[in-house]
Amino acid sequence: MINIKDIGISGINLFHIFGRLAERKQKGMGREYRKKDTEKATPGYYAVRLDNFGINVELTSTDRVGFHKYTYDNPKERRVLLDLGHILQPNWGHKLIGNQYLLVNDSTVEGTVKTQGWAHFHSMSYRITFSEPIETVYQYIGGKLQVNIG
């Protein structure tokens, strides 16, 4: 799981999915184990291997933007789950108050997640561009599956 966080109250979780989505949801998302001896960290750059999934991860950022690059050993196993309903510390009163989501084209998704907590009406926007077209989109809205939204 890669968690993009902003000031500790909201987050956009990006999970790497292997196997059938329904099975993963029942068993929980599992854990990605980073191979410590592959870590490279310098100011503004981090890289690691998620060995159990065969993924090389590279992360970097500017003052306002984070960049992720994932290289998969098996290109046929490139599936991700974007969890836009995640709230950090809901037991402290943080809650999701808005969520806009748009498929811009066949390889880009963008939107804004709005939360409320100790920071009133906090917004975090994102734009994710994949290197290849998105084949299928599955959405769960109100617990019900919707397929090929777009």
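Read along the sequence, the fold of this predicted model runs β-β-α-β-β-β-β-β-β-β-β-β-β. That comes to 1 helix and 12 strands, with helices taken as DSSP runs of H or I of at least four residues, strands as runs of E of at least two, and both numbered from the N terminus. Residue numbers start from 1 along each chain as its sequence is written, and side-chain values rest on heavy atoms, with hydrogens and water left out. As the model is a prediction, local features need pLDDT of at least 70 and side-chain atom pairs count only at pLDDT 80 or more, while totals for chains, interfaces and linings use all residues.

Of the 150 residues in the chain, 29% are buried (under 20% relative accessible area; exposed is over 50%, partly exposed in between, with a 1.4 Å probe and protein chains only). The chain exposes about 10200 Å², and carbon and sulfur atoms supply 51% of that surface; the areas come from the Shrake-Rupley method with a 1.4 Å probe, and for residues only the protein chains shown count as cover. As for contacts (heavy atoms within 4.5 Å), take those with a separation of 6 or more: residues 24 or more positions apart account for 37% of them.

Then there are the charged pairs. Side chains of opposite charge can pair when their charged atoms come close. Searching the whole structure turns up 4 salt bridges, each being a side-chain nitrogen of Lys or Arg within 4 Å of a carboxyl oxygen of Asp or Glu. One of them joins K36 to E39, at 2.9 Å from N to O. K36 is exposed, at 57% relative accessibility, while E39 is partly exposed at 24%.

Towards D51, the closest N and O atoms of the bridge are 3.0 Å apart; D51 itself is partly exposed, with 38% relative accessibility, whereas R49 is buried at 17%. The side chain of R49 also meets that of D73 in a salt bridge, at 2.5 Å from N to O. This pair ties together distant parts of the chain, 24 residues apart: R49 sits in strand β4 (residues 45-50), and D73 in the loop between β6 (66-72) and β7 (80-83).
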